[in-house]
Amino acid sequence: MQLKLTWRIEGQRDVDVIVNPEQTIVETIHVLVERGIVDCDNVSNTKYVKSIRQMKQVNTLLSYDEAAIYTGDIIELI
């Protein structure tokens, strides 16, 4: 089952994405960069994102399952 998440990117509007739960967060960031949604310079050293639902930082090397991120969560690039 796929997850529908909202990515909150500073200085831009929120972006809704659908991802596979086994996909890593960093893979999603790479796709957002490839699509031109996120500037590569802003995320090249990003190690963590913030889960608004959990109110905690999450390592980008984790999958969404491992990070306990579920449908409806808002992920903020920090």
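**Exercises: finding your way around the fold**

Let's start with serine 63, which sits in the loop between β4 (56-59) and β5 (74-77). Strands here are DSSP runs of E, at least two residues, helices are runs of H or I, at least four, and both are numbered from the N terminus. You're looking at a predicted model, where local features need pLDDT of at least 70 and side-chain atom pairs count only at pLDDT 80 or more, while totals for chains, interfaces and linings use all residues. Residues are numbered from 1 along each chain as its sequence is written, and side-chain values use heavy atoms, with hydrogens and water left out.

**Exercise 1.** Work out whether serine 63 is buried or exposed, and which residues it touches.

*Solution.* Step one: buried means under 20% relative accessible area, exposed means over 50%, and partly exposed is in between (1.4 Å probe, protein chains only). Serine 63 has 7% relative accessibility, so it counts as buried. Step two: look for contacts, meaning heavy atoms within 4.5 Å. Leaving aside residues up to four places away in sequence, serine 63 touches Pro21, Glu22, Gln23 and Thr24.

**Exercise 2.** Find the buried residues of α1 and say how they are arranged around the axis.

*Solution.* Step one: pick out Ile25, Thr28, Ile29 and Leu32, which are buried in α1. Step two: they cover an arc of only 100° around the axis (taken from the directions from the helix axis to the C-beta atoms), so they lie on the same side of α1.

**Exercise 3.** Count the salt bridges and describe each pair.

*Solution.* Step one: a salt bridge needs a side-chain nitrogen of Lys or Arg within 4 Å of a carboxyl oxygen of Asp or Glu. That rule gives two salt bridges. Step two: aspartate 14 pairs with arginine 8, their closest N and O atoms 3.3 Å apart. Aspartate 14 is partly exposed at 36%, and arginine 8 is partly exposed at 30%. Step three: aspartate 73 pairs with arginine 53, with the closest N and O atoms 3.7 Å apart. This pair links distant parts of the chain, 20 residues apart: aspartate 73 is in the loop between β4 and β5, and arginine 53 is in the loop between β3 (48-51) and β4. Step four: aspartate 73 is at 1% relative accessibility, so it counts as buried, whereas arginine 53 is partly exposed at 45%.
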